[in-house]
4 protein chains.
Amino acid sequence: VRRKICVVVTARPSYSRIKSALQAIHAHKDLELQVVVTGSTLLEKYGAVWKTMQDEGIPLTRRIYTVYEGENPVTSAKSTGMAVTELATAFDGLRPDAVVTIADRYETLATSIAAAYMNIPLVHVQGGEVTGSIDEKVRHANTKLADCHFTASELAKERVVKLGENRDHVHNTGCPSIDLARAAVATSGPILRNDEGVGSAVQIDGQFIVVLQHPVTTDYGPQTESQVIETLCAVHELDIPTLWFWPNVDAGSDYTSQGIRRFRERYEPQNIRFVKNLPPESFIRLLGLSKCIVGNSSVAIRECAYLGVPAINIGSRQAGRDRGANVVDVPCQQAAIVGAIEAQIAHGKYPSDPLYGDGTAGQKMADILATAELTIDKRLPF
Amino acid sequence: VRRKICVVVTARPSYSRIKSALQAIHAHKDLELQVVVTGSTLLEKYGAVWKTMQDEGIPLTRRIYTVYEGENPVTSAKSTGMAVTELATAFDGLRPDAVVTIADRYETLATSIAAAYMNIPLVHVQGGEVTGSIDEKVRHANTKLADCHFTASELAKERVVKLGENRDHVHNTGCPSIDLARAAVATSGPILRNDEGVGSAVQIDGQFIVVLQHPVTTDYGPQTESQVIETLCAVHELDIPTLWFWPNVDAGSDYTSQGIRRFRERYEPQNIRFVKNLPPESFIRLLGLSKCIVGNSSVAIRECAYLGVPAINIGSRQAGRDRGANVVDVPCQQAAIVGAIEAQIAHGKYPSDPLYGDGTAGQKMADILATAELTIDKRLPF
Amino acid sequence: VRRKICVVVTARPSYSRIKSALQAIHAHKDLELQVVVTGSTLLEKYGAVWKTMQDEGIPLTRRIYTVYEGENPVTSAKSTGMAVTELATAFDGLRPDAVVTIADRYETLATSIAAAYMNIPLVHVQGGEVTGSIDEKVRHANTKLADCHFTASELAKERVVKLGENRDHVHNTGCPSIDLARAAVATSGPILRNDEGVGSAVQIDGQFIVVLQHPVTTDYGPQTESQVIETLCAVHELDIPTLWFWPNVDAGSDYTSQGIRRFRERYEPQNIRFVKNLPPESFIRLLGLSKCIVGNSSVAIRECAYLGVPAINIGSRQAGRDRGANVVDVPCQQAAIVGAIEAQIAHGKYPSDPLYGDGTAGQKMADILATAELTIDKRLPF
Amino acid sequence: VRRKICVVVTARPSYSRIKSALQAIHAHKDLELQVVVTGSTLLEKYGAVWKTMQDEGIPLTRRIYTVYEGENPVTSAKSTGMAVTELATAFDGLRPDAVVTIADRYETLATSIAAAYMNIPLVHVQGGEVTGSIDEKVRHANTKLADCHFTASELAKERVVKLGENRDHVHNTGCPSIDLARAAVATSGPILRNDEGVGSAVQIDGQFIVVLQHPVTTDYGPQTESQVIETLCAVHELDIPTLWFWPNVDAGSDYTSQGIRRFRERYEPQNIRFVKNLPPESFIRLLGLSKCIVGNSSVAIRECAYLGVPAINIGSRQAGRDRGANVVDVPCQQAAIVGAIEAQIAHGKYPSDPLYGDGTAGQKMADILATAELTIDKRLPF
């Protein structure tokens with residue numbers, strides 16, 4: 001009998017960071033893939049990633065709405081609680097041999113609790129990184145609930161071991177998002193349709209930049225709006241063609257959205273196109289073609305290390321994350337952002353850096369899931 | 001303005017392990033105590049601890065039913081999910097300056113998630129211990145979500161620091177349960193009413209032993225019933241007057257209860273009295289008067305270290321917990337249990353051991369809560 | 001394509017009242033049966049009816065734990081809320097063409113809300129009856145949410161029409177429980193194993209009576225315990241062999257259980273055997289063999305009308321329910337109960353009364369579900 | 001001791017329909033007001049009505065987030081389920097003598113279930129009306145769970161009685177929204193600030209119209225978007241200054257919002273100002289000053305009957321609602337809407353009609369709540 005591997009996908013970025021593993025598990029002769037889609041993957045407002053997944057041949061086994069309206073710390077907690085409760089029902093029906101939780105968004109801890117409490121071996125992808133903020137707490141709590149770990153880098157692996165995990169159960173596979181980056185480089189064909197998103201058209205065969213800026217969760221509230229406006233002003237001032245991607249559902253993202261809307265109404269920026277979602281491959285190909293990426297997304301640090309795309313990382317959201325030479329850090333101020341964008345465009349591409357993987361993470365994960373001993377009992381070694 | 005400290009109490013043993021701190025916080029001029037009672041504290045079947053708390057002058061601020069019927073891994077997870085959701089609502093209304101979560105039962109992680117996600121400084125009591133099983137995962141996940149730590153021993157403190165916590169925020173206060181033990185030694189008056197519990201009368205001014213045996217969560221199911229029956233047979237064979245305390249609500253506790261009921265119907269043991277709940281002080285005074293404690297409760301290892309009461313620890317539930325000279329470990333087999341009880345009764349009392357505290361934990365906690373810097377951001381130091 | 005009919009079963013009595021319909025739907029060439037088991041059907045403590053269903057060939061499509069511990073009005077409400085939430089998830093996945101909710105227990109309204117809000121045609125079984133108490137409110141609220149009605153009697157049908165429902169969508173099918181009663185009469189073979197339940201053995205080939213007493217929900221609390229004790233004393237006094245069936249999970253059932261336990265410990269009644277659950281057929285065959293049924297269950301009024309079994313109906317729980325000649329009503333007092341039991345035993349069997357159906361309800365329901373127009377919009381005709 | 005009256009407010013329109021009663025209860029010497037705010041009253045996106053309430057002196061006792069993101073039938077059901085669960089917790093803490101639920105939105109049934117199951121007398125405001133769609137089902141289910149009824153008209157009162165309710169417990173108080181309309185007429189001072197809403201400025205001392213269009217819940221989905229666009233086109237074509245109010249959170253409202261956004265981006269209508277929320281009084285004063293109201297809101301039929309404001313009612317949403325001479329019904333087609341607006345503007349004001357009350361509903365409700373016998377048991381009289 002094939003091992004049943006249940007992967008819970010809760011958000012757009014999680015999909016990019018697990019997609020090649022989903023495909024490898026689905027294709028593996030000794031594994032049966034179960035996929036639960038939940039969180040913001042179900043919401044139109046964040047691109048309805050579940051439809052993309054379905055279109056890309058991923059079998060969706062359960063669909064569970066969990067996100068409370070409000071986008072504040074109270075509703076983040078409540079959404080997580082409901083996810084625990086309903087994931088328990090799903091796992092009770094699906095009876096997986098292992099459950100996979102991805103990274104460090106708040107809902108990922110729901111997957112971990114449901115699996116751990118139900119004595120199902122839990123696999124955590126992307127532990128051992130350092131970022132601060134609530135993600136940091138969630139990530140390491142996931143590590144302490146998990147029985148098997150797939151890290152994105154050697155540094156991360158060593159941190160997971162230091163946290164008291166058994167080295168035999170910690171595997172540096174690299175990040176599946178790098179698999180997509182590698183595949184994207186080899187792809188051709190059109191990327192962005194003209195009717196994608198709202199705002200001005202951007203010619204992607206010319207010079208353009210990409211922006212992706214999330215709220216900083218511990219700073220949620222009106223500051224979130226002024227943070228995004230610094231970047232909007234910078235990009236508006238530079239007047240370079242820009243693709244601006246909508247943020248994830250999160251405490252504070254209503255403020256980000258409001259900032260974007262107000263800015264658009266007041267300034268009607270002609271150089272910016274606002275896009276809600278793209279297939280992950282298209283997004284990465286766009287990145288590859290772009291002059292630089294601006295914002296506070298981890299994609300700038302991870303995928304762009306491999307791609308060699310210059311990155312301007314704004315503010316504290318990625319503080320502590322291991323980074324390569326392609327990243328320039330700036331405070332959340334219009335002038336600093338403008339300067340850094342100009343410098344990075346002037347520099348141009350960096351050499352590819354395997355810091356977060358060599359493009360074979362998905363297959364490695366599937367092979368380990370098919371053969372590793374699955375256990376649930378552990379204790380601190382110190 | 002006084003700092004508002006919200007303590008969430010979820011089970012009978014949690015109350016014993018926080019009671020002196022609740023009293024010290026309530027009495028502290030710079031603190032305002034908020035208490036949320038939830039989990040099995042509300043259930044008649046487990047002694048309705050919330051009533052005891054009310055009778056003992058603890059102000060109860062919110063009452064939240066969270067426990068699903070079923071007592072299996074699925075319902076443990078679901079109960080936890082609902083606790084997260086409703087605790088978030090409670091914290092939103094109460095606006096505490098800090099939230100306190102106690103030890104490592106499954107529901108304690110609900111308190112931690114609600115507080116951490118809502119950016120409320122989280123204090124974890126009793127981290128850094130080693131026990132295996134799901135408690136181990138829950139405990140260390142609590143540690144990774146918490147901002148301030150009150151450990152019960154120096155060894156525990158060092159483990160919390162090794163887990164990456166900032167030493168400045170880790171305080172070895174000892175365990176408040178030792179405060180109760182110290183106070184109980186100084187108390188006089190009647191302990192147990194004749195109508196307490198069901199079964200035969202036990203004269204507590206004579207020789208008697210105490211039993212407290214919980215299910216081992218990862219072994220839930222019919223094995224749980226046979227485990228409790230080994231102990232029942234041992235105690236029945238010895239024919240020493242015995243006070244047997246009912247277990248906590250937990251995956252498997254229905255089987256424990258069923259085992260006890262079936263045994264009673266078949267053998268009608270004349271030497272055993274079954275008791276559902278006692279005020280914690282009475283329980284500890286009983287322990288102090290008893291010849292030994294039998295089972296797998298941590299009270300045998302913690303309070304009994306201070307009290308010097310001989311303990312027979314059965315099976316794997318307390319594996320890894322730091323213990324003093326008063327503890328003898330035995331497998332879950334009738335003959336082994338019988339032999340160990342006889343040996344411990346023959347040995348008699350041990351000298352008091354301050355391993356888990358010197359009896360001033362509650363006051364120390366209140367003082368730290370009143371003065372410590374309360375932060376919510378942290379990151380791994382390695 | 002076959003119509004998908006999703007039936008939600010929430011309790012032991014609901015199963016008896018839908019079983020023949022489940023079988024007829026399952027066998028119908030134009031229908032596909034989906035069964036969701038939830039509520040007390042999942043609990044060991046109430047006989048784990050879901051296992052019986054599985055053993056009897058009913059396909060179980062989803063299993064959802066919903067019952068909160070506490071058995072009080074607060075937890076009844078909370079259990080219902082969670083059932084709404086999770087049934088919505090289940091219906092979203094199962095995409096039924098119609099949903100069936102059964103009778104009037106509190107959780108049945110959860111099924112109705114989930115279906116009605118999701119624009120799925122809702123079929124309500126057993127509306128239009130009059131009983132008082134919370135069941136009355138739940139039943140008629142179910143009627144107002146439902147689009148199609150299967151009543152158990154002509155009187156009930158007329159009441160549903162008076163409540164403003166379109167006569168074309170109200171069908172008097174009779175009650176499926178009468179189908180079981182009819183089938184049971186034709187069955188032979190052993191009924192009760194010697195190891196069924198706890199307490200003294202009862203010879204069912206001799207004279208015996210059956211007791212089934214539920215808490216009266218609006219009187220929950222300690223009165224519930226004293227009510228059950230009146231009946232226990234009456235049966236104990238009469239000293240006739242008695243099979244006593246455990247009550248459903250409900251506000252107050254903990255008190256009922258406690259009353260039974262305390263009574264047994266004090267009096268050790270030799271004539272009573274306590275049974276938690278039986279396959280519905282065995283239960284009905286037992287009823288058919290019994291001298292009379294005692295308590296406040298509707299089975300005494302419904303199935304026993306068809307069977308002609310004398311019934312002693314205690315207290316207010318069944319007030320207002322249409323009844324045949326076989327029922328004698330008594331207050332909840334030992335002396336009155338004793339007298340009525342003696343009189344009914346002396347009277348002996350009554351003639352069969354088709355008041356609640358002629359034994360073909362299940363097949364009628366399946367046929368209507370296969371052919372009726374399924375609509376969701378309606379409005380009051382007055 | 002004063003009776004504790006707990007009112008649960010779940011949406012902007014509910015507040016207008018209960019505000020004068022809240023004030024009268026709050027001021028009543030024999031009553032203590034408890035207010036629970038939940039549903040869309042908490043959401044910025046729908047105007048954060050809870051803040052308006054607080055500003056207007058209404059004491060807010062509990063705040064409970066309940067709305068799931070998604071705005072589809074699945075999430076409507078789930079939000080309701082969570083509201084039941086958490087309202088039960090709130091009522092358990094608040095111990096009200098009566099609970100008030102308002103009208104017929106989906107969440108109102110949550111209030112009814114929590115109160116009814118907890119044996120708290122339930123008061124339903126605004127039963128007995130006829131509208132079709134899911135509101136119809138919810139409204140009459142509320143009636144069947146309620147113990148006391150405050151209707152908005154004599155016709156509604158008679159329907160509630162026909163539904164089997166005891167005439168002694170059904171009171172035609174009129175609708176509190178008419179109280180606000182009466183008060184608003186007597187008020188002076190500025191109504192709308194220039195920075196209210198987005199879009200072009202509208203001079204309210206000149207000629208202008210008001211639009212308020214909700215999704216029709218059973219038609220949710222992309223049709224919802226095309227429906228709102230018919231009205232947008234009509235209003236755009238007429239080029240009369242227009243205040244357009246944002247719809248409530250509901251299945252389909254994301255589509256409505258999307259329709260509005262897309263229309264604005266494409267046509268940049270210069271005559272329309274989009275407003276998210278106003279204090280109810282300002283809204284009514286605006287209505288009183290407007291030439292007519294367009295859309296499918298019940299305000300056009302109720303308040304505008306009293307105010308004599310011409311109304312163009314679009315589509316099926318208000319079908320069956322009793323209406324006065326001021327209302328013209330049109331299908332959801334641009335041409336028909338244009339024609340009706342022109343005709344109504346030409347007609348001008350109608351005489352005031354007391355169909356939905358004379359402006360004293362709030363005080364009547366408070367007086368009845370203070371003196372009526374509060375019961376919870378009822379049964380059908382037929």
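Let me begin with a term: a residue counts as buried when its relative accessible area is under 20%, as exposed when that area is over 50%, and as partly exposed in between, using a 1.4 Å probe and protein chains only. What we have here is a predicted model, in which local features need pLDDT of at least 70 and side-chain atom pairs count only at pLDDT 80 or more, while totals for chains, interfaces and linings use all residues. Residues are numbered from 1 along each chain as its sequence is written, chains are lettered from A and ligands numbered from 1 in the order in which they are written, and side-chain values use heavy atoms, with hydrogens and water left out.

I will take chain A as a whole to start with. Its secondary structure comes to 14 helices and 14 strands, where helices (H or I, at least four residues) and strands (E, at least two) are DSSP runs numbered from the N terminus. The radius of gyration of chain A, taken over C-alpha atoms, is 20 Å, close to the 21 Å that the globule rule (2.2 Å times the number of residues to the power 0.38) gives for 382 residues, so chain A is as compact as a globular protein of that length. The C-alpha trace of chain A spans about 60 × 45 × 40 Å along its principal axes, and 69% of the 382 residues of the chain count as buried. With contact meaning heavy atoms within 4.5 Å, residues 24 or more positions apart account for 72% of the contacts in chain A that have a separation of 6 or more.

Next, the relation between copies. When the copies are superposed by least squares on the C-alpha atoms of residues with pLDDT of at least 70 in both, chain B falls on chain A by a rotation of 180° with 0.0 Å of shift along its axis, at an RMSD of 0.1 Å. That is the relation of a two-fold axis, and the same surface serves both copies, since 100% of the contact residues of chain B recur in chain A.

Now the cysteines. If a disulfide is a pair of cysteine sulfur atoms within 2.5 Å, the count over all chains is zero. Cys6(D), for instance, is in no disulfide, and the nearest cysteine sulfur, that of Cys148(D), is 15 Å away; Cys6(D) is also buried, at 0% relative accessibility. The sulfur of Cys304(D) is 9.6 Å from the closest cysteine sulfur, in Cys292(D), which is too far for a bond, and Cys304(D) likewise counts as buried at 0%.

Finally, the aromatic rings. Rings of Phe, Tyr and Trp (its six-membered ring) pair if their centres lie within 6.5 Å, with planes under 30 degrees apart called stacked, over 60 edge-to-face and the rest tilted, and this gives 22 aromatic pairs over all chains. The rings of Trp244(C) and Phe274(C) have centres 6.0 Å apart and planes at 45°, so that pair is tilted; it links strand 10 (residues 242–245) with strand 11 (residues 272–275) of chain C, across 30 residues, and both residues are buried. Phe245(C) and Phe283(C), with centres 4.8 Å apart and planes at 80°, are edge-to-face, and they connect strand 10 with helix 11 (residues 280–289) of chain C, 38 residues apart. Phe245(C) is buried at 1%, and Phe283(C) at 14%.
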